[in-house]
Amino acid sequence: MLIRIFPWTLLLVLALFPLVAPLFDFTYYVGFVRHLLIVMIAATSLNFILGYGGMAALGHAGFIGVGAYTVVALVDAGFTSAWGAWATALIVSAAFAAAIGAVSLRTQGVYFLMLTLAFSQMLYYLAVSLRTYGGDDGYGLHTPLTLGLGLGDAQGRILYWLVLAIAALLFAFLNRVAVSRFGYALRGVRENETRMAALGYPVYWIKFTAFTVAGAVAGLAGALLACHNRFVSPSLMHWTESATLLVIVVIGGLGRRWGAPLGAAVWLTLAEVLKLYTDYWRWPLGLLLILIVFFAPKGMAALLDNRGKSP
Amino acid sequence: MLKLKTATLTLALCSALNVHAADPIKVGVALDISGPFATIGAETRDGLNLAIERLNGQLGGVPTEFLQTDFAGNPEQANQLVNRYLQRDKIDFFTGPVASNSALAVGPALFAAQVPFLSSNPGPSQYAGKQCNPYFFGVSYQNDTYDEAAGKVANEKGYKNMVLIAPNYPAGKDHLNGFKRLYKGAIKDEIYTKVGQIDYAAEIAQIRAAKPDAVFFFLPAAMGINFIKQYVGGGLKDIPMIAPGFSADQDVIAAVGEPTMGLYNTAHWAHDLPVPANVEFVAAFRKKYDGRYPTVYAAQAYDVIMAMDAAVREVDGKVSDRAAVLAALKKANFKSVRGDFSYGPNHFPIQNYYLRVVEKDANGQLTNKLVSTVLEKHQDAYVGECQM
Amino acid sequence: MDAIFLIEQLLNGLGYGLMLFLLAAGLTLVFGIMDTMNLAHGSLYMVGAYIAAQVHERSGSFVGAVFMAMAATVVIAFVLEMLVVRRIYSRGHLAQVIATFGIILIADDLVKAIWGPAPMLASTPAALAGPVQLLAELPYPAYRLAMLAVGLLVALGLYLLVNHTRIGMLVRAGASNRAMAECMGVRVDGVFSFIFALGAALAALAGAMMGPISAVQIGMGEAILIPALVVIVIGGIGSIRGAFVAALLVGLVDTAGRAFLPPALRAVLPPALAADLGPALAGIAMYVLMAAVLILKPAGLFPARA
């Protein structure tokens, strides 16, 4: 019963949050939660390929960067529609993910991990040396994108609600796919590629499709992040950002519905709170990682989920 | 559920903070305590804290809260931190970031909220030119000016052929362009290296083959340390090096040691600059921090706090009157450790630049020694583009 | 572009390659034999560099400092193995990546607490400080020659150890079939502890040797970890021979990219474009090499396991 109402309650609470926040002087946390939701979108997309498909990609931040820089390129060319920019970001990052996936998916395990890392490093160094878009200095989006439809600009609470809606829809969509025929085939590939191939499944295409979808979603997250920060720099694509996403997904719970959101919420909130109190805010996070690997090998979502099986 | 709990927790924390806050002035400081500029961030903080201590934690006699938080050198994180300072803490002044990209990332939000941003280090050309803003004060310097001074030094030393080297990002190119603005000789080669490069053997071989009169390099943080170590080990000691002060300050000297001997560098400040406020600052700094010489970053951070102090005093503590605060800041009416200076219309300083050289002091400790004044009352090249 | 310049750049490429090999050797050993992805190898490298720098500064003996650093790092690695790494041998690579990433975060804060945030002074031993005249026109840093020698010695030592000693045989037995080796009476746990300690000693050696020519500071481990991983992946994970060949290859390609690509592009492209493109391409040369190798040979040049 609780499981059934929980998502809707959460959605309601999150939707009401910006209205309630000013009463408690919480305006800052509206922005914080908005950022959290965007990271959750990216983490959920990584969970889709890593948790369900067993593809350990260490270059997911590269797609976030592609999405963000697509917005930059459009704004630089004088384009102002948020919807158009987000859709373009989705398509462009899908194209990048398809190209990178087509090559990387020929390898497996650590080789796959390193190859995805290599491609995201190439994108990183490209962005660093791109003079047109500020290179290492980054690019400021000084005027917000416009939404039309009487919604005004893509900023403030409107942007929050849009991000929330997109996050909820994508979350529902990816979780729906995970329990579809395709999702079960993907899990089959994770468990045993050879057997799936013997059963006649197009293993490569299943992985390729999942990878492209995940890359596209990460790109959309990047586009939203560009609007959220109003600033884009290559540091979005640094390999440690990819590693952080990987950490979020693993500590949250691989292949678990609530894994990625939970991991993102815990990791980002802890980093935010610890930094308030000490300069030495990294080691508690490191200790947390080791403890989770030792005592919660299936992630935090598994600890909460006493049904003990992945959905 | 979990999120609700953290929300309640933060609510409790917020109200705890607000109880003892009987309207002090709030200064938001975003620090590079970890990340690529951790050393410089630590120097910045030491300079800030010395100034805060000497002012008894007050600005212009008004109790002040200095919020100091690490943002790990990441512009996105800097952005997030500034939003927290603005929306939750409602700061009255901002300072701290080491790198230009972080300064550029946080500027727009601060300007929109009408919070003065006093830069304790970076002076990006954007803020000096087209994107100049009444709320930005480049208290330290404009990025190119160190290189311009180095270019003039190269002329004075009679170098006819030079090799220039910088990391392959736009700021690297800007710094080399700054050098070329006043340098009149020929350029044998311009080498751009990978960001975060560890090994410079290939570039050093290129320099040897080019046989220049001297080398100018802009390689911040660890890159500069790697380069100087390998340059001297590679037997190029006889080809003199010139650098902007960042690559030859006390932090680099302490990490590289002997190979920095004889390195010429330019800056708007030196620890042996004979200005009363500076003598006092250097003595206090060395007393507080185990005899260590301050770097230019510590000096700049100290100046930033002193500039705030003078402005708050001038407006009698009424920091909410932003127009008055800006007017007070613009006067630069404080005892700067670099001596007196004034601001140009773009809020960047018109000031002297000096040549320094790394030598041993009386106790045999390696440090910079003031050589001469290179540029007097020098102004940056972007001031003409600023419409303010 | 004369012959001397070519020889010099060739030596530079080999030198950088052997530098990477020093770090990659320990990494690939632990990875290949214990099937453990140890990101904290970079942290052991950093600790080695810090200890060597400190001991060298205090005692004045560089050789002593290198051995001290190796000994101390082995002790640290021993504790690390007992507390953390032993518990994740049998876990997937992902769990290993996460746990050892945790160790990196802890190690960085610990080093900062002990030595402070500023980079450490690590000076070149006086005897090797200057250049050596290799040919009439070719001075070469003596210290880099020493590094070349150390790299070659390590390569040779590892080759002999793994292929021609009893312990090497146990190691290979444990790696190829752990359960079977245990049935035959091999104490695989002990062998693994030995390998982990050896890997740590090699990481410390690399750190101690790199100190005098690079910045000894927090984060130095992460900066060199990526090129080292590229090396072991190109070589084929677990193969010492592969790591050696790949390290030289990466060293040569990277150096050639930096030394020859920009002038070559300047000759064929308009100057503005060449100035932008050359350094950018040189920066990613290593990754392009890795992608190319893995496209042709998805398990690296010398796959260690069939």
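Residues are numbered from 1 along each chain as its sequence is written, while chains are lettered from A and ligands numbered from 1 in the order in which they are written. Local features of the predicted model require a pLDDT of at least 70 and side-chain atom pairs count only at pLDDT 80 or more, whereas totals for chains, interfaces and linings use all residues.

Confidence was examined for chain B. The average pLDDT (the predictor's confidence in each residue, from 0 to 100) of chain B is 90, and 94% of the residues score at least 70. Residues 1-22 of chain B, by contrast, stay under 50. For this segment the model has five contacts beyond four places in sequence, a contact being two residues whose C-beta atoms, placed from the backbone, lie within 7 Å.

Secondary-structure elements are DSSP runs numbered from the N terminus, with helices (H or I) of at least four residues and strands (E) of at least two. Two strands pair if DSSP finds at least two bridges between them. In chain B, strand E3 (residues 62-70) is joined to strand E1 (residues 25-31) by seven bridges, and E1(B) and E3(B) run parallel. Within this pairing, B:Val29 has B:Gln68 as its bridge partner. E3(B) is also joined to strand E2 (residues 58-59) of chain B, here by two bridges and in the antiparallel sense; B:Gln58 is partnered by B:Pro63. E2(B) and E3(B) form a hairpin with two residues between the strands, in which B:Gly60 takes a positive phi near 55°.

B:Gly60 is also among the contacts of B:Asp309, a residue of helix H12 (residues 296-314) of chain B. Apart from neighbours within four places in sequence, B:Asp309 contacts B:Leu55, B:Leu59, B:Gly60 and B:Phe334. B:Asp309 is classed as buried because 22 other C-beta atoms lie within 10 Å, the cut-offs being 20 or more for buried, 12 or fewer for exposed and partly exposed in between, with C-beta atoms placed from the backbone.

Two helix pairs were examined in chain C. Axes are lines fitted to C-alpha atoms, for helices over the stretch in contact, and angles run from 0 to 180 degrees between N-to-C directions. Helix H1 (residues 3-34) and helix H9 (residues 220-235) of chain C pack at about 60°, with their axes 9 Å apart. The pair is therefore oblique, a class left after roughly parallel (under 35 degrees), roughly antiparallel (over 145) and roughly perpendicular (65 to 115). The crossing of H1(C) and H9(C) is right-handed, meaning that the near helix is turned clockwise from the far one by less than a right angle, and anticlockwise if left-handed. Residues that meet here include C:Leu20 and C:Phe31 of H1(C) and C:Ile224 and C:Val231 of H9(C).

Helix H2 (residues 41-59) and helix H8 (residues 188-210) of chain C cross at roughly 50°, their axes coming within 7 Å. H2(C) is therefore oblique to H8(C). The contact involves, among others, C:Gly48, C:Ala49 and C:Ala52 of H2(C) and C:Gly199, C:Ala200 and C:Ala203 of H8(C). This crossing, too, is right-handed.

Chain C also contains strand E1 (residues 131-135) and strand E2 (residues 138-141), which pair antiparallel over four bridges. C:Val132 stands opposite C:Tyr140, and two residues separate the strands of this hairpin.

Between chains, 31 residues of chain A are in contact with 36 residues of chain C. On the side of chain A, helices H5 (109-129), H10 (239-252) and H12 (282-295) each give two or more residues. H5(A) provides the largest share, eleven residues.
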